[in-house]
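Take a moment to look over the chain before reading on. We will go through it step by step.

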Amino acid sequence: MTAGTDARTTGEGTGTYAPRPGAAPLPRMIATQAALETKMLLRNGEQLLLTVIIPTLLLVLFSAVDIVDTGEGKAVDFLTPGILALAVMSTAFTGQAIATGFERRYGVLKRLAASPLPRWGLMTAKTLSVLVTEVLQVLLVTVIALALGWSPEGNPLAVLLLLVLGTAAFSGLGLLMAGTLKAEATLAAANLVFLLLLVGGGVVVPLDKFPDTAQDLLGLLPISALSEGLRDVLQHGAGMPWGNLGILAVWAVVGLAAAGKFFRWA
């Protein structure tokens, strides 16, 4: 018997040894991978710029300087729901698409797919990492907004449902992009979409500033549904925004289904 090996004897005299080699329990593997994904994201300067610094600066700048006509009431009351939606998009879509795209390019996903952690477990870990990051983002944005004079209203359950469905929708779209395009194309496309939706998604510019036809089309985008839904609840104290929830649910189902079907691991 070698040192460090615990030998045990059964009633029939057969020796068994502990620790037994093998994969860790699945929940532990998923939790460990999620913790690793979160640490990598928080240590990445470019990701922090996208997910934390840009939304925070936009909130402070547009609240302090009258750049965009946000209608009646305090600017921070209009802007905060949009910035929360932007934070979700920056993490679940843009950041995840770019990170996953380069992981696929460098063969990281292919190696992880060959590990005891199943592929769906890896995607679950990535989703948990996104959720942890979003919790930190929401807390930071909330603290800053309250310091700027934000007065939130509405039902917390409605806010939670909007954030969860928004995360699912953007995660599906981000994984679809990362799993089908080359890493460089993903980098360019994800940043371009981020900028376009920042302007045209009701985040800092009200949708009613656009022509009527454009408003109808823009209102069907996931960022618009999320920002307008959060605004209806947090600024106007509306009830459950079923229309916006429905739009986000459709995007979530379509995006996740498409990502599951077309995602390429190498």
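**Charged pairs, helices and a pocket**

Start with R105, a residue that is partly exposed, with a relative accessible area of 46%. Keep in mind that this is a predicted model. The label follows from two cut-offs: buried means under 20% relative accessible area, and exposed means over 50%.

Which residue does R105 meet in a salt bridge? The partner is E184, with 2.5 Å from N to O. R105 sits in helix α3 and E184 in helix α7. The two are 79 residues apart, so this pair links distant parts of the chain. E184 is partly exposed too, with a relative accessible area of 41%.

Now turn to another pair. K126 forms a salt bridge with E37, and their closest N and O atoms are 3.3 Å apart. K126 lies in helix α5 and E37 in helix α1, so the bridge ties together parts that are 89 residues apart in sequence. Are these two residues buried or exposed? K126 is buried, at a relative accessible area of 5%. E37 is buried as well, at 9%. The pair also belongs to a network of salt bridges, in which E37, E103 and K126 are linked.

R231 is buried, with a relative accessible area of 3%. E228 counts as partly exposed, at 22%. How many salt bridges does a search of the whole structure find? The search finds 4.

Next comes the surface. L42, V132, V135, L136 and L139 make a nonpolar patch of about 420 Å². Which helix gives the most to this patch? Helix α5, residues 119-147, gives the most, with 4 residues. L139 is found in helix α5. At 52% relative accessibility, L139 counts as exposed, because the cut-off for exposed is over 50%.

From the surface, move to the open spaces. The largest pocket has a volume of about 490 Å³. Its lining comes from several elements: α1 (26-43), α2 (45-64), α3 (75-105), α5 and α7 (183-200) each give two or more residues. In total, 24 residues line the pocket. N44, Q47, G95, I98 and A99 lie nearest its centre. Which element provides the largest share of the lining? Helix α3 does, with 8 residues.

An unreviewed UniProt entry gives the annotation "domain: ABC transmembrane type-2" to residues 42-266. Over that stretch the chain is 76% helix and 0% strand. Its end C-alpha atoms are 25 Å apart.

The unreviewed UniProt entry also lists residues under "transmembrane region", including 48-68 and 80-102. How do these two look in the model? Residues 48-68 are 81% helix and 0% strand, with end C-alpha atoms 26 Å apart. Residues 80-102 are 100% helix and 0% strand, and there the end C-alpha atoms are 32 Å apart. Other residues that the record lists for this feature include 128-151 and 242-263.

Conventions: Residues are numbered from 1 along each chain as its sequence is written. This is a predicted model: local features need pLDDT of at least 70, side-chain atom pairs count only at pLDDT 80 or more; totals for chains, interfaces and linings use all residues. Side-chain values use heavy atoms; hydrogens and water are left out. UniProt positions are given in the numbering used here, feature names are shortened, and annotations may be inferred rather than shown by experiment. Patches are made of residues with over 30% relative accessible area and no salt bridge: like charges are joined within 9 Å, nonpolar side chains (Val, Leu, Ile, Met, Phe, Trp, Tyr) within 5 Å. Accessible areas come from the Shrake-Rupley method with a 1.4 Å probe; for residues, only the protein chains shown count as cover. A salt bridge is a side-chain nitrogen of Lys or Arg within 4 Å of a carboxyl oxygen of Asp or Glu. Buried means under 20% relative accessible area, exposed over 50%, partly exposed in between (1.4 Å probe, protein chains only). On a 1 Å grid over the protein atoms alone, a cavity is a set of points where a 1.4 Å probe fits but cannot get out, and a pocket is an open set with protein on both sides within 12 Å along at least five of seven lines; lining residues have an atom within 4 Å of a point. Grid points are joined across faces, edges and corners, and a volume is the space filled by probe spheres set on the points.
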